[in-house]
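Me: I would like to learn how to read the features of a structure that is new to me. Please take me through them in turn.

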Amino acid sequence: MNTNILGLLVSYAMVFSFIGGATLLLKKGLLQPYATRKIVHIGVAHWWLLYIAFIDSPAIGVIGPLSFIVINWISYKAHLFKAMEDPEPTRNLGTIYFPVSLLVLVGLAAFGVVERWEAGIGVMVLGWGDGLAAIVGKRFGKTPFSIFGQTKTIPGTIALILASSAVTLLMS
């Protein structure tokens, strides 16, 4: 089997495994929706490692992000994957913006604007930095502040900086 196709199939299996695992944790009452959403968020960021390892065709590389833009839009509208949706309906389009970001980064790497590993830093910062910022901010952020119309916390911001720095150092 062609490594591009194998990479695509493994990618789908990985993403749906994270969604399935998060759904199971939510249904068993072990985690709240905000936490399962971030498990999916952080886990799916690792798709880029599969992309680098298996997929060398940009045409194949865009299939996953394109399909998840559509799948996530349907889930957003119909609340199919509750473990990855914001518990407040129609509040957050992050599940759609995430694969849009992946699509843009695949394109930038494909056209030589950035190296694949550099785009990978962007994906991992998006996954780990944003994901941990939300988890830490919700758990430890007692005094929110507003910036550009968004509510943030100091602990969440520190988590974002630390996770982003660690990812950047590890992938550089």
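Predicted model: local features only at pLDDT ≥ 70, side-chain atom pairs only at ≥ 80, totals over all residues.

Me: Which residues of the largest nonpolar core touch the most other members?

Reply: In a nonpolar core, buried residues are joined through their side chains. Here the largest one has 25 residues, and Val15, Val40, Trp47, Trp48, Tyr51, Leu102 and Val123 touch the most other members.

Me: Which helices each supply at least two residues of this core, and which gives the most?

Reply: At least two residues each come from helix H1 (3–27), helix H2 (33–45), helix H3 (47–54), helix H6 (94–110) and helix H7 (116–140). H1 gives the most, with five residues.

Me: What does leucine 102 touch?

Reply: Residues up to four places away in sequence are not counted, and that leaves Trp47, Trp48, Pro65 and Val123 as residues touched by leucine 102.

Me: At what angle do H3 and H6 pack, and how is that angle read?

Reply: H3 and H6 pack at an angle of about 30 degrees, and their axes are 12 Å apart. Angles under 35 degrees count as roughly parallel, so H3 is roughly parallel to H6. The crossing of these two helices is right-handed.

Me: Which residues meet where H3 and H6 are in contact?

Reply: From H3 come Trp47, Trp48 and Tyr51, which meet Leu102, Leu105 and Val106 in H6. By class, the residues of this contact divide into six nonpolar, no polar and no charged.

Me: How do H2 and H6 pack?

Reply: The angle between H2 and H6 is about 5 degrees, with their axes 12 Å apart. H2 and H6 are therefore roughly parallel to each other. On the H2 side the contact is made by Arg37, His41, Val44 and Ala45, and on the H6 side by Gly94, Thr95 and Phe98. The classes in the contact of H2 with H6 are three nonpolar, three polar and one charged.

Me: Arginine 37 takes part in that contact. Is arginine 37 buried or exposed?

Reply: Buried means under 20% relative accessible area. Arginine 37, in helix H2, has 9% relative accessibility, so this residue counts as buried. Not counting residues up to four places away in sequence, arginine 37 touches Ala83, Met84, Glu85, Asp86, Asn92, Gly94 and Thr95.

Me: How is phenylalanine 54 classed by its relative accessible area?

Reply: Values between the cut-offs for buried, under 20%, and exposed, over 50%, are called partly exposed. Phenylalanine 54 has a relative accessible area of 27%, so this residue is partly exposed. The residue belongs to helix H3.

Me: How far is phenylalanine 54 from threonine 3, in sequence and in space?

Reply: Sequence separation and distance in space are read separately. Phenylalanine 54 and threonine 3 are 51 residues apart in sequence and 5.5 Å apart in space, C-alpha to C-alpha. Leaving aside neighbours within four places in sequence, phenylalanine 54 is in contact with Thr3, Asn4, Leu6 and Gly7.

Me: Where does isoleucine 19 lie, and what does this residue touch?

Reply: Isoleucine 19 lies in helix H1. With a relative accessible area of 4%, isoleucine 19 is buried. Beyond residues up to four places away in sequence, isoleucine 19 touches Val40, Phe81, Ala83 and Met84. Isoleucine 19 and isoleucine 121 are 102 residues apart in sequence and 23 Å apart in space, C-alpha to C-alpha.

Notes. Residues numbered from 1 in each chain as written. Heavy atoms only, no water. Core = buried A, V, L, I, M, F, W, Y, C linked by side-chain atoms within 4.5 Å. Buried < 20%, exposed > 50% of the residue type's maximum accessible area, 1.4 Å probe, protein only. Helix = DSSP H or I, 4+ residues; strand = E, 2+ residues; numbered from the N terminus. Contact = heavy atoms within 4.5 Å. Axes fitted to C-alpha atoms, helices over the stretch in contact; angles between N-to-C directions. Parallel < 35°, antiparallel > 145°, perpendicular 65-115°, else oblique. Left-handed = near helix turned anticlockwise from the far one by under 90°. Nonpolar A, V, L, I, M, F, W, Y, C, P; charged D, E, K, R; others polar.
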